[in-house]
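Let's work through a few exercises on this model together. Try each task on your own before you read its solution.

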Amino acid sequence: MSETLLEVRNLTKYFSTPRGLLHAVDGVSFTIDKGKTLGVVGESGCGKSTTGRAILRLQEPTAGEVYFEGKDILKMKRREMHQMRREMQIIFQDPYSSLDPRKTVNQLIREPIVNNKLLTDKMEIEKRVLELMSTVGLAERLYNTYPHELDGGRRQRIGIARALAVNPKFIVCDEPVSALDVSIQAQVLNLLKELQKDLGLTYMFITHNLSVIYYFADDIAVMYLGRLVEKAPAEELFAHPMHPYTQALLSAIPNPDIDAPRNRLLLKGEISSPINPPPQCRFAKRCNYCCEQCTAGEPVLREISPNHFVACHFPLE
Amino acid sequence: MLFKKSKKIDDGRSIYVKKSRMQEIWHQFQKNKGAVVGLIMLIIIIGIAIVSGFVFDYKEDICARHAATRLIKPCLEHPFGTDQMGRSVLARVLYGTRYSLLIGIVVVGVSTGIGTMLGAIAGYYGGKIETVIMRIVEIFMMIPNILLGIIFVAAFGISLTNLMLALGLSTVPHFARTARSSVMTVRGNEYVEAAKAMGVSDFKIIFTHVLPNALSAILVQATTRVASAIISAATFSFIGLGVPSPTPEWGAMLSDARQNMRDFPHLVIFPGLAIMVTVLAINLVGDGLRDALDPKLKR
């Protein structure tokens, strides 16, 4: 067994809205082992990004515990948290809005180093910036360019370099490639993968792209309306999806073979409102296998087979 | 070229050294012809303000009354004519630059400084802090400028300093509102959150990320307010709460001339022109500066 780096217990984030409490993330628990990647998938608005941000306390969670190397970071004071931010970083979805348009590449990458006082000597900082630039594959001549002069892939590389600048152990990748062209997506994914290998990073990889997650993640967690509905190793999940939602999700992956039989499981209805949800299975309204028990009580996440967790009263075989 | 290749790092690689920030802003600024004209005008105006202090004797040239030379129209001996006290309008207009420029700069400095800070804090933090700050600001906004000025001057006495403070404080609400709204749009950007994730303090985020990106609206507001500050100062002088009479402040000159305005238009034309030219120069420079500070507008 490898070492657990991050453990999340009952992470909950509610937003208060005029119509009631919006359950963005509701009692999510999982662990990530050192050097591994946890992929988090789900449709828009299911709370994937909020989970990532709540773990980093960019949005304060309503309840729950997050243990990073055994320490509960949600209980940390400001100063301790400041130290902690060196260990945990985030790569943002949109490289167009996550970089300050008034700063040059050099200034952007320098900021985390200077701010955390990792290096103080001017020459050394400069060297480190150049080193980071070459690590993520940015040419030296871009040292003084502004982000708006660069394409999406290069901008995202700046974002990655910034995240790496503080030598973190854990990085939340919040849909790092979904804003990029397909050709550039592959480059950035390969870069992330190489960095993981070289630097021993641990990722939480948030995406809605199932092909990407299969390629990228060791474990996959599927989220639906703020709940974790299924979690299993990638191979296992793709081979034996047990939750009806996961099955429908997987059947939606386009297959390049046009002769292959297509049996798409189409979901009916709309995603139900996350505001004050009733105490029943969140997926019940759209589930083809829904029965009385599903509307009577909410299923809890349980281990069906080793390392395969499902939150469903009637997991499919 | 944005950068030149020069400095060597110890391992022999040459790296691209950026022009300093000031050089870069100047590089952009001087591309804008209007702004350069404005800057030249402004330099001349500031030059006049400084030099006039040495050239003219305040008591003799500016304030002393000469019954013999009352109300002469512009001629060779008196290029701008003379006023009802027989004083040279040219000398007074030139000397008045000192007062008007000082008023414009101090008033806008006070209101931009206080207003931007209040607005930035309100816009950045939101919630209760915002409600408290903005309600207070709105209360001040409800009081007419003149009334606020009268209250202030009545409480603290008539003087140039009090006038400038009164005018500055009465324009704080405008700056607070402008700053708040532009800070709110900037705050929503992911790079603010990115800075938080890197552990940058709120204070630093406001100064290094939020304000520079919210600057253009504030800068435009500031340059137009210089003009209105000079004019407001004139208003206050007119009702006797501003600069006391012999002082050659442009607004005060205008109000002094009101009785003879029909027959001797030169008494208002020249101070008026002086206000106009100054305001124009400041606006041109302000526009140029706004564009030069925005890297996205580079051609």
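**Exercise 1: the sheet of chain A**

Four strands of chain A, in the order S2-S1-S4-S5, make up an open sheet with antiparallel pairing (strands are DSSP E runs of at least two residues and helices H or I runs of at least four, numbered from the N terminus; two strands pair if DSSP finds at least two bridges between them). This is a predicted model, where local features need pLDDT of at least 70, side-chain atom pairs count only at pLDDT 80 or more, and totals for chains, interfaces and linings use all residues. Residues count from 1 along each chain as written, chains are lettered from A and ligands numbered from 1 in written order, and side-chain values use heavy atoms, leaving out hydrogens and water.

Task: find the edge strands of chain A, then see what packs on the sheet.

Step 1. Strand S2 (20–33) and strand S5 (71–72) of chain A are the edges, as each pairs on one side only.

Step 2. S5(A) pairs with strand S4 (residues 63–68) of chain A over 2 bridges, in the antiparallel sense. A:Asp72 in S5(A) is the bridge partner of A:Tyr67.

**Exercise 2: two helices in chain B**

Task: describe how helix H2 (residues 33–55) and helix H4 (residues 89–125) of chain B pack.

Step 1. Their axes are 8 Å apart, at an angle of about 115°. That makes H2(B) roughly perpendicular to H4(B) (65 to 115 degrees counts as roughly perpendicular, under 35 as roughly parallel, over 145 as roughly antiparallel, the rest as oblique).

Step 2. Look at who touches: H2(B) brings residues including B:Ile45 and B:Ala49, and H4(B) brings B:Leu94 and B:Arg98, among others.

**Exercise 3: confidence in chain B**

Step 1. Start with the chain: the average pLDDT is 82, and 92% of the residues score at least 70 (pLDDT is the predictor's confidence in each residue, from 0 to 100).

How values were computed
Contact = heavy atoms within 4.5 Å. Axes fitted to C-alpha atoms, helices over the stretch in contact; angles between N-to-C directions.
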